[in-house]
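Open the model in your viewer and keep the sequence panel beside it. The tour goes from the whole chain to single residues.

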Amino acid sequence: MKTLITGGTVVNATGRGLADVLIDGETVAAVLEPGSTLLGFDVAAHVDRVIDARGKYVIPGGIDAHTHMEMPFGGTSASDTFETGTRAAAWGGTTTIVDFVVQYPGENPVDQFALWQDKAAGSCAIDYGFHQILSDVQDSSLDAMDELIAEGVTSFKLFMAYRGVFLSDDGQILRAMQKAATNGAMVMMHAENGSVIDVLVRQALEAGDTAPYFHGTTRPWQAEEEATHRAIMLADLTGAPLYVVHVSAKQAVAQIAAARDRGLNVFGETCPQYLYLSLEEHLGAPGFEGAKWVCSTPLRSRAEGHQDHMWRALRTNDLQLVSTDHCPFCMKGQKEMGLGDFSKIPNGIGSVEHRMDLLYQGVVTGDLTLERWVEICCTTPARMFGMYGRKGVIAPGADGDVVVYDPNGHTSIGVGKTHHMAMDYSAWEGFEVDGHVDTVLSRGEVVVDGGEFLGRAGHGRYVRRDLTQYLV
Ligand code: URP
Ligand code: ZN
Ligand code: ZN
């Protein structure tokens, strides 16, 4: 099957221009002058399908490098399966996810990887890779890192919070980082001081402060800043690269920026919820409503200016990319487990479908250039996690993962509107945004077009990732 996308403005992280994109089978074959002639040959007349992209942007498929499909967590499981979650991702212009294999204490990471491969195989509508969560750092887990890297799992997430579930102490973090410094793995860090949070949570509950709002106040920015600083110090000590996930506090950004200024291989991601939503308006919603927005790190105070600071940090490259940390739970039967005790609300928000649209608003407001939008949503995730060349760029030889995006379109977000995630509410209900994902191709197959899902479970293929491309 040969497809020609004609008349659009092709946008890569490095620049934009009017061009036609020829996809042959699963791969981009050529980026052509508009009008598509090749050595005097009319290309459009010799392809199977022509997609008219006049007036639209033609961008690399989005890469969401932080999702949790079907994740067992908080006494339940994330409500999107690999099937529903990747379908929703495709609707929103994301053509690759990197999800997390979980090692709970006592489990073998390699066995867990096999388990997660079984869950994803035959289910995904788009391509997928895996990071590995390590929550039991001991000799066998460190040995497993080498085995997993050979399988294309080249990044490992550690937690400084969730004692008894995920938390690694400083010595365990040090050991994992020492290993990463020798095998080239990227260490991803959930940077919150878990000991401090546990005491604050206990004190809040004892004082009768049980509403969702107190999830935010018991995970203060100081706990995020301190843990971010400690993680950076350990990375510096060991020489491991460090990627701080779901950064929400401006003080944590400052730690990352200072480390980068010192020349350290330290990187940071934020998520749409930290750009838009707040402690006061969302976690602080009346009654139990705030449970919809319980996630960790928590939403921060708008009065303190964290949200504006995240946009700024994306512009200045103090933060390098945006993932969703998609970890959806329904209100009914899941979030409501925390009625009367906020600490029992499963932590997570669902956004995999909306990341490209929500970040495009940065282009609309002038906070981001078109190229920076593509860079933080598509190209940097590919480079950070060893996929660039195949993914994250429209160029000959790349996978035919392409989105035709209409800047004059409009997207209404919410349940029953553009919501295809397996959730009974939307964290983004009522958001009306400029721009629209018109057509999505995954390895040359049209999976979304004209408001119709044309993909299928099982089309998505495992992406065996290389080491991060940000290190020499
Ligand atoms: O609240 C969150 N972030 N849930 C998913 C697990 C994690 O820490 O990323
Ligand atoms: Zn986390
Ligand atoms: Zn996460």
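For counting charges, Lys and Arg are positive and Asp and Glu negative, while His and the chain ends are left out. Each charge is placed at NZ of Lys, CZ of Arg, CG of Asp or CD of Glu. Select these residues: the protein chain has 36 positive and 60 negative charges, and their mean positions lie 2 Å apart.

This is a predicted model, in which local features need pLDDT of at least 70 and side-chain atom pairs count only at pLDDT 80 or more, while totals for chains, interfaces and linings use all residues. Residues are numbered from 1 along each chain as its sequence is written, chains are lettered from A and ligands numbered from 1 in the order in which they are written, and side-chain values use heavy atoms, without hydrogens and water.

**Whole chain**

Switch to a cartoon view. The protein chain has 13 helices and 21 strands (DSSP runs numbered from the N terminus: H or I of at least four residues for helices, E of at least two for strands). Its C-alpha trace spans about 75 × 50 × 40 Å along the principal axes.

Now show the surface. Of the 472 residues, 62% are buried (under 20% relative accessible area; exposed is over 50%, partly exposed in between, with a 1.4 Å probe and protein chains only). Contacts are heavy atoms within 4.5 Å. Among those between residues at least 6 apart in sequence, 76% join residues at least 24 apart.

**Aromatic rings**

Select Phe, Tyr and Trp. Rings pair if their centres lie within 6.5 Å, using the six-membered ring of Trp; planes under 30 degrees apart are stacked, over 60 edge-to-face, and the rest tilted. The whole structure holds 23 aromatic pairs. One of them joins Phe73 and Tyr162, edge-to-face, with 5.4 Å between centres and 80° between planes. Phe73 is in strand 9 (residues 72–73), and Tyr162, 89 residues away, is in the loop between strand 13 (155–159) and helix 4 (170–183).

Are these two residues buried or exposed? Phe73 is buried, because its relative accessible area is 11%; Tyr162 is buried too, at 17%.

**Gln251**

Next, select Gln251 in helix 8 (residues 250–261). Gln251 counts as buried, because its relative accessibility is 15%. Which residues does Gln251 contact, leaving aside neighbours within four places in sequence? They are Trp221, Glu225 and His306. Finally, select Thr67: its C-alpha atom is 25 Å from that of Gln251, and the two residues are 184 apart along the chain.
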